[in-house]
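Have the viewer open as you read.

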Number of protein chains: 2
Amino acid sequence: MPNRFSVTYRITADSDQIGPLAAALAIEQSVETPLEVANRYAYVREHMVGEVRNLLQRDETEWDVELGIPIASAAADPAQLLNVVFGNASLFPNVELVGMDLPPELLSSYRGPRFGIEGVRRLANAPHRPLTCSALKPIGLPADRMADLCYAFAAGGMDVVKDDHYLADHSFCPFEDRVRACVAAIERAADKTGKRTLYAPNLSGTPSRVRSQAEFAAEAGAGALMVAPMLLGFPSVHEILDDVRLPVLAHPSFSGALRIAPEIMIGRLFRLFGADVVIFANYGGRFSYSKEACLAVADHARAPWAAVEPAMPAPAGGMRTGRVKELVDVFGADVMLLIGGSLLEAGPLLRDRTRDFLAAVNVSLEERTDE
Amino acid sequence: MPNRFSVTYRITADSDQIGPLAAALAIEQSVETPLEVANRYAYVREHMVGEVRNLLQRDETEWDVELGIPIASAAADPAQLLNVVFGNASLFPNVELVGMDLPPELLSSYRGPRFGIEGVRRLANAPHRPLTCSALKPIGLPADRMADLCYAFAAGGMDVVKDDHYLADHSFCPFEDRVRACVAAIERAADKTGKRTLYAPNLSGTPSRVRSQAEFAAEAGAGALMVAPMLLGFPSVHEILDDVRLPVLAHPSFSGALRIAPEIMIGRLFRLFGADVVIFANYGGRFSYSKEACLAVADHARAPWAAVEPAMPAPAGGMRTGRVKELVDVFGADVMLLIGGSLLEAGPLLRDRTRDFLAAVNVSLEERTDE
């Protein structure tokens, strides 16, 4: 039937169960009543009942079930979009969201990246090479110590310095003090080097606090912002970012264990809701994602998608400068490499290690170009 | 060390891995840098590094790991609380959040249920028996047809009628029209029966829209509200409910597949963030939770918890009147039984079936009292 869009779930079930289960899920994600009740009403029967569009057997007990979900149901607001895509479906332990094919009517309601890969590259003044990023941490340092780290990164030529995602508006390091001190540090470094690092403070809290943090950061001269969409809530991120004129990094905190494929959560939802850069836990680091899963995230973040700008993938989580060449070989040049803790180990040599990081990026790109 | 609170994770790991994994998780949820970096700073070393407090082996490869997480880190705001409890931990596929022991300093920042079980009972004028609840659906009916259903439920004596969680502010059934029509239907029924059913419209959308929906509903005379905290975002729910003077039902949409034990997500987080009634997918219905898991949710919702009011558990999802006695035997009288689709099957006999539902509740209670 028309006026539906496709959502695909990976379901574990025996072959005699998958048919009824798929049919039940189509009801669960639409009218959520016995079909007999829904069918009493002509408009509901015609426009509101979900449908099973395809069943693809992947192995003995694994299936990809494509449902048709009513567009009109999803169109009301951002919470409702998540609701019809994975609301009650999330309550089934054997159901994972692995695909969604949002139609133009739905896509056009969402901001998507405002800067995208090209916009972030323009701000970083780096049209071709992989971008570099690091993080201010650990939590517990006062604003002026964070600014010292920020200065070392900036003086070493880092493209983007973000807050650790644990930095909120703490009494021992208030948001406004930190932003002011870090922006000043970046300006001091820029006076020396001519390069202006983008500083991305982390926004955290209730909608009104996050909104005022975003406004303060923009006024104070921060070059970017960071949010964790699953902590703040997608509808809140959607509304607050609508007024923001800075590129946005999205952090995956609280998102990983939702049974949504990482390429959908990070490569699609984070991007749709306005992230210009999407951070994800990379393979071979502190987390256990496979290389294939990470490539899928990067592909979904960057691939053409209607009028939605591409977002820059930022593999992170226990990365080291020694892996730069490998990561550029794997992800290509449209990537932001995020190395935090292992650079901070350098202590007083932080600026030098930052330079080494940049040098490794440049070398990796030259080598790659030769291929 | 003092100034930490306990959070417990269930981890799947071999016995030679669990020690390093627990230590790594304590770092991941606190300073997120190599320990060597954190230890350079006296304040960080003293106050900000997470610690492993206990390791309990449950079976050959399953462990409960109790960490001590810095209170000061969590205290900044509601997003930050979720962040330090299950932010990056959520990115590990073998880690589940199963316990948290929030100290008074943290608990006191949260609203908790404003009405609690006693308050909801008072509004429903039902001091002892299980409460009854049903849902307006399917999505696609216009406001006046929703109001017809609402009238039948109310005339039959239902305590609470809530919107289906798929009802948002759709053009075919606008929020304001629906609330006005349903409140009017409830008033007409109350004129006849003397009992005033509580109508709970579903709030959906961005923070500003949800806030205005809540205000409109209260002004229009709705008796309660419904939110889905995981769809809206906990920080948003926290802020918006702070101004609300109606009891709140929380719906579990989008929450189920997060690797957080249901009793923590629904029995603790939903309650902490202001739900007076917590809806959950019951055993033996359309979902696959065990009876034990459901009892754990009910226990966590109701059990004494510092100064936080108890919340009323509402088992739901494919329930029928024929199961009322069983459910009251299992959950006791402090419960709100939610039966939706199977009542709606009655069509023109909806009012009668609602009366049967109430009669079953009263009988079950008498029988239970005799035990």
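## The parallel sheet in chain A

Strand β5 (residues 131-136) of chain A and β6(A) run parallel, joined by four bridges; strands here are DSSP runs of E with at least two residues, helices are runs of H or I with at least four, and both are numbered from the N terminus. Two strands count as paired if DSSP finds at least two bridges between them. In this predicted model, L136(A) sits opposite D163(A) of β6(A). On its other pairing, β6(A) meets β7(A), also in the parallel sense, over three bridges, and there K162(A) has A200(A) of β7(A) as its bridge partner.

Put together, that's an open sheet of four strands in chain A, ordered β7-β6-β5-β12 with parallel pairing. The edges are β7 and β12 (336-338) of chain A, each pairing on one side only. Neighbouring strands of this sheet are turned by 25° against each other on average, direction ignored. As for side chains on strand β6 (residues 160-163) of chain A, V160(A) and K162(A) point one way while V161(A) and D163(A) point the other, and all are buried (buried is under 20% relative accessible area, exposed is over 50%, partly exposed is in between, with a 1.4 Å probe and protein chains only).

Helix α8 (residues 143-155) of chain A lies across β5, β6 and β7 of chain A, running at about 165° to β5(A). Axes for such angles are lines fitted to C-alpha atoms, for helices over the stretch in contact, and the angles run from 0 to 180 degrees between N-to-C directions.

K195(A) sits in the loop between α9 and β7 (198-200) of chain A. What does K195(A) touch beyond its neighbours within four places in sequence? The list is A124(A), R129(A), G157(A), M158(A), D159(A) and A190(A), where contact means heavy atoms within 4.5 Å. Two of those come with polar detail: the K195(A) side chain reaches the backbone oxygen of A124(A) at 3.2 Å, and makes a polar contact of 2.8 Å with the side chain of D159(A). A polar contact is a pair of N or O atoms within 3.5 Å; within protein, one must be able to donate a hydrogen and the other to accept it, and residues adjacent in sequence count only if both atoms are side-chain atoms. P174(A) is 21 residues away from K195(A) along the chain, and their C-alpha atoms are 27 Å apart.

Q213(A) is part of helix α10 (residues 207-220) of chain A. It counts as buried because its relative accessibility is 6%. Leaving out residues up to four places away in sequence, Q213(A) touches D169(A), F175(A), N202(A), L203(A) and S204(A).

## The antiparallel sheet in chain B

Over in chain B, four strands make an open sheet in the order β2-β3-β1-β4, with antiparallel pairing. Its edge strands are β2 (51-59) and β4 (95-101) of chain B, each pairing on one side only, and the twist averages 25° from one strand to the next.

β2(B) and β3(B) form a hairpin with two residues between them. β2(B) pairs with strand β3 (residues 62-70) of chain B over seven bridges; V52(B) stands opposite L67(B), and N54(B) is bridged to E66(B). Strand β1 (residues 4-12) of chain B pairs with β3(B) over nine bridges, with I11(B) facing W63(B). β3(B) is mostly covered, with seven of its nine residues buried.

## Helix α13 of chain B

Helix α13 (residues 262-272) of chain B is mostly covered too, with 10 of its 11 residues buried. Among them are I264(B), R268(B), F270(B) and L272(B). After α13(B) comes G274(B), with a positive phi near 110°.

## Two copies and confidence

A rotation of 180° with 0.0 Å of shift along its axis superposes chain B on chain A, at RMSD 0.0 Å.

The model scores ipTM 0.79 and pTM 0.83. Mean pLDDT (the predictor's confidence in each residue, from 0 to 100) is 88 for chain A, with 96% of its residues at 70 or more. Within chain A, confidence is lowest in helix α13 (residues 262-272), at a mean of 78, and highest in helix α9 (residues 175-193), at 97.

## Conventions

Residues are numbered from 1 along each chain as its sequence is written, and chains are lettered from A and ligands numbered from 1 in the order in which they are written. Local features need pLDDT of at least 70, side-chain atom pairs count only at pLDDT 80 or more, and totals for chains, interfaces and linings use all residues, while side-chain values use heavy atoms, with hydrogens and water left out.

Key. Copies are superposed by least squares on the C-alpha atoms of residues with pLDDT of at least 70 in both.
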